[in-house]
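Please open the model in your viewer and keep the sequence panel beside it. The stops below say what to select next and what is to be found there.

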Amino acid sequence: SQKGGLGKSFTARAIVDLARRAGRRVSAWDLDKGTGSLALVYKDRDPEVGCATDDVRHKKTEAAWIDAFHGPADDVVLDVPGGAMGDLLGVVDGGAQTLVEDAKASGREVVVVSVIGTQRDSTATPLDAIAAFEGTSVRHVVVRNGYHGEESDFVIYDGFDDAVTGERRFGTTSEKVREVGGEVVFMPRLNAATVAMLDVYGLTFTEGSVAAEKIKRRHALNVGGWLRATEEAFSESWLRSSDAAKSEAKKPRRGGQQLASV
């Protein structure tokens, strides 16, 4: 996303947790100097156990996450700070084309995840992502974050018929996403008080789902139910967490299969 507050790190946490719960080996990276919520909840800096960190905006970054493409993890998840996609793609000469080709050479699919809300400025996020990766073979997934509204509330993304003029308004983004073969999923809303309790104790979603004594049982139940609902929501998309489902891609694998950039 070009802006903060839409739930990029929250979505990355969900992807990491669901994949690990499904038994997949995940290399997780917080590229916002380690200040993002991904790094705050995964305190171990081993990327395949917790979450490694990097400052993608720093011109002298070593970009060790590129090495992870060729590592043993099934999935590599990059949590990219708002407005920093240009910095990410500028790490190597050749930009998006070079990075995607390198990931593909390691046997991975590249999935670019755009998180949107219901407001007009956030709805343009997928257009920026599509433009950034134009000419490359990546898969685009748009995540409607339920924190910002019900699925029916994303009218600017979907487009609607003006009740007064009868004209079709907005919907340009959804048309472009369909044009490039992208997918759209709705991530359910997790109770705000429950999210706050997870943040107070710095718990991952999986930890929170079994932390009834620490965060109270109702919050633990909320997290468990939300994880199941989110797994179901992602199950028909490129964010699905099971090995069996992902193996449908039948891509050669030297290291892993998926690279998700959120």
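Begin by selecting Phe10, Phe205 and Trp226, which form one aromatic cluster; here the rings of Phe, Tyr and Trp (its six-membered ring) pair if their centres lie within 6.5 Å, and planes under 30 degrees apart count as stacked, over 60 as edge-to-face and the rest as tilted. This is a predicted model, in which local features need pLDDT of at least 70 and side-chain atom pairs count only at pLDDT 80 or more, whereas totals for chains, interfaces and linings use all residues. Residues are numbered from 1 along each chain as its sequence is written, and side-chain values use heavy atoms, with hydrogens and water left out.

By the ring rule the count comes to six aromatic pairs. One of them joins phenylalanine 205 to tryptophan 226, a tilted pair with 4.7 Å from centre to centre and 50° between the planes. Phenylalanine 205 lies in helix α11 (residues 205-209) and tryptophan 226 in helix α13 (residues 217-234), so the pair ties together parts that are 21 residues apart in sequence; helices (H or I, at least four residues) and strands (E, at least two) are DSSP runs, numbered from the N terminus. Phenylalanine 205 and tryptophan 226 are both buried, where buried means under 20% relative accessible area, exposed over 50% and partly exposed in between, for a 1.4 Å probe and protein chains only.

Next, select helix α1, residues 8-21. Its 14 residues reach 20 Å from the first C-alpha to the last, close to the 20 Å expected at 1.5 Å a residue, the expected span being 1.5 Å times one less than the number of residues. Twelve of the 14 residues of α1 are buried, so this helix is largely enclosed by the rest of the structure; among the buried ones are Phe10, Arg13 and Asp17. Just after α1, glycine 23 takes a positive phi of about 90°.

Which side chain of opposite charge is nearest to aspartate 17? It is arginine 20, 5.8 Å away, and aspartate 17 is buried yet has no salt bridge, a salt bridge being a side-chain nitrogen of Lys or Arg within 4 Å of a carboxyl oxygen of Asp or Glu. In this count of charges, Lys and Arg are positive and Asp and Glu negative, while His and the chain ends are not counted. Leaving aside neighbours within four places in sequence, aspartate 17 is in contact (heavy atoms within 4.5 Å) with Tyr42, Thr204, Phe205 and Thr206.

Now turn to the salt bridges, of which the count comes to ten. Aspartate 75 forms one with arginine 24, the closest N and O atoms being 2.7 Å apart. This pair links distant parts of the chain, with aspartate 75 in strand β3 (residues 75-79) and arginine 24 in the loop between α1 and β1 (26-30), 51 residues apart. Both aspartate 75 and arginine 24 are buried.

Then select strand β4, residues 109-116. Eight of its eight residues are buried, so β4 is largely enclosed by the rest of the structure. Both faces are covered, with Glu109, Val111, Val113 and Val115 on one side and Val110, Val112, Ser114 and Ile116 on the other. Six bridges join β4 to strand β5 (residues 139-145), and the two run parallel; strands pair if DSSP finds at least two bridges between them. Valine 112 stands opposite histidine 140 in β5.

Show the side chains of glutamate 109 and arginine 139, which form a salt bridge whose closest N and O atoms are 3.2 Å apart. Glutamate 109 counts as buried at 2% relative accessibility, whereas arginine 139 counts as partly exposed at 31%.

End at valine 177, whose place is in helix α9 (residues 172-179). Valine 177 counts as buried at 1% relative accessibility. Beyond its neighbours within four places in sequence, valine 177 is in contact with residues including Val142 and Val184.
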